[in-house]
Amino acid sequence: MPSVLCVGETMVQVTPTRGGRISTDTDFRLVAGGAESNVASMLAKLGVHSAWVGALGSDPFGDIILSSLQQDGVDTSFVKVVDAKKTAVYFKDVLPDSTKVFYYRESSAMSFAGPELLDSARSQTWDIIHMSGITPALSSSCESLTREVIAGKGLGSALKSFDINYRPSLWTEGKAAPLLQEIANQCDIVFVGLDEAAELWGAQSVKDVREVLPDPGWLVVKDSENLATELNAKGTFAKPATGGDIVEKVGAGDAFAAGWLAGFLDDQSADTRLQMGHIMAAQVLKSYSDTANPPSPSGLARALGSEISQ
């Protein structure tokens with residue numbers, strides 16, 4: 001069975017059970033939330049063996065994360081639990097036309113992690129190792145961790161997957177654009193939003209993005225809920241997004257990456273990979289959670305129609 005290792009920080013997501021603004025009357029649910037573990041959870045629900053590795057504090061919040069991910073079928077056996085360090089949390093405030101996210105992650109256990117975090121995972125064989133641009137922004141040690149993954153020392157021939165996932169508030173001015181460009185160009189698979197590329201590098205089109213990121217074998221450029229384009233050695237392939245209701249958008253990009261990666265591991269065509277990404281993103285867009293269950297196997301087959309390879 002194909003296997004994917006997802007590396008990065010996971011926090012406890014505190015979100016209103018029924019959506020809406022945070023207030024004294026709000027009921028909350030606490031689950032795992034983080035770009036890389038979101039991908040791991042969605043991959044597991046699609047039947048891919050996925051593991052998440054990160055650092056957690058020895059506290060109830062770390063326990064919630066482990067339990068949440070294990071319930072989704074994610075392998076958490078490589079996670080490092082650190083005494084005297086804390087697990088990060090974040091809150092979602094769901095507004096009528098947008099969602100504000102409030103992060104409390106400073107000095108979290110993950111921010112102290114470095115290349116040693118990978119030690120226990122080196123004993124396994126991985127088809128893909130997935131990270132995001134959030135991790136190198138957390139600290140200098142996390143930047144070293146990212147570079148260790150990219151270098152692939154002791155990680156075999158695993159393909160490197162990287163979601164730009166630009167978070168301006170995490171970066172010092174002027175650092176993000178050159179560093180994310182450097183890292184992405186050392187990866188095999190890269191996901192980037194057209195809006196992110198515009199903000200980081202002034203890229204206004206898919207062609208512009210390819211000029212900035214010429215080296216990835218598979219470059220996937222997402223234009224919000226409109227269109228996704230894959231560029232690879234065989235050409236350029238584009239798929240419009242799946243329509244549907246949008247409750248809130250947080251986590252949709254991670255779901256897209258999971259759907260695309262699942263299709264890639266199943267040796268599906270570019271069109272099918274993109275469609276699987278859209279289908280998974282649509283599931284999250286109609287949910288208040290950062291992850292969601294995929295359609296049933298028969299429902300997924302119907303949604304893909306004749307595109308799926310035989």
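Student: Let's start with the overall build: how many helices and strands does the protein chain have?

Tutor: Happy to start there, with this predicted model. The secondary structure of the protein chain comes to 10 helices and 14 strands.

Student: Why does the protein chain count as compact as a globular protein of its length?
Tutor: The comparison rests on the radius of gyration and the globule rule. For 310 residues the rule gives 19 Å, and the protein chain is close to that, so it is as compact as a globular protein of that length. Its C-alpha atoms fill a box of roughly 50 × 45 × 40 Å along the principal axes. The radius of gyration itself is 18 Å.

Student: What share of the residues in the protein chain is buried?
Tutor: Buried here means under 20% relative accessible area. Of the 310 residues, the buried share is 55%.

Student: Among contacts between residues at least 6 apart in sequence, what percentage joins residues at least 24 apart?
Tutor: A contact here means heavy atoms within 4.5 Å. Counting pairs at least 6 apart in the protein chain, the part that joins residues at least 24 apart is 70%.

Student: And the charges: how far apart are the centres of the positive and negative side chains?
Tutor: The protein chain carries 25 positive and 38 negative side chains. The centres of these two sets are separated by 1 Å.

Student: Now to Ser3: is this residue buried or exposed?
Tutor: Ser3 sits in strand β1, which covers residues 3-7. Beyond its neighbours within four places in sequence, Ser3 is in contact with His49, Thr125, Trp126, Asp127 and Ile128. Its relative accessible area is 6%, and the cut-off is under 20%, so Ser3 is buried.

Student: Which residue has its backbone oxygen 3.0 Å from a polar atom of the Ser3 side chain?
Tutor: Let's look among the contacts of Ser3, which include Trp126 and Thr125. The backbone oxygen at 3.0 Å from the side chain of Ser3 belongs to Thr125.

Student: Ser41 is in a helix; which residues does it contact, leaving aside neighbours within four places in sequence?
Tutor: The helix is α1, residues 35-45. At 2% relative accessibility, Ser41 counts as buried. With those neighbours left aside, the contacts of Ser41 are Leu69, Asp72, Val74 and Thr291.

Student: How far apart in space are Ser144 and Ser296, C-alpha to C-alpha?
Tutor: Ser144 belongs to helix α4, residues 140-151, and is partly exposed at a relative accessible area of 35%. Along the sequence, Ser144 and Ser296 are 152 residues apart. In space, the C-alpha separation is 40 Å.

Student: Is Ala84 buried or exposed?
Tutor: Ala84 lies in the loop between β6 (80-82) and β7 (89-94). Its phi is positive, about 65°, although Ala84 is not a glycine. The cut-off for exposed is over 50%. At 80% relative accessibility, Ala84 counts as exposed.

Student: One more backbone angle: what is phi of Asn165 near?
Tutor: Asn165 is in the loop between β10 (159-163) and α5 (176-184). Asn165 counts as buried, at 7% relative accessibility. Its phi is positive in a residue other than glycine, with a value near 40°.

Methods
Residues are numbered from 1 along each chain as its sequence is written. Side-chain values use heavy atoms; hydrogens and water are left out. Helices (H or I, at least four residues) and strands (E, at least two) are DSSP runs, numbered from the N terminus. The radius of gyration is taken over C-alpha atoms; the globule rule is 2.2 Å times the number of residues to the power 0.38. Buried means under 20% relative accessible area, exposed over 50%, partly exposed in between (1.4 Å probe, protein chains only). Lys and Arg count as positive and Asp and Glu as negative; His and the chain ends are not counted. The place of a charge is taken as NZ of Lys, CZ of Arg, CG of Asp or CD of Glu. A polar contact is a pair of N or O atoms within 3.5 Å; within protein, one must be able to donate a hydrogen and the other to accept it, and residues adjacent in sequence count only if both atoms are side-chain atoms.
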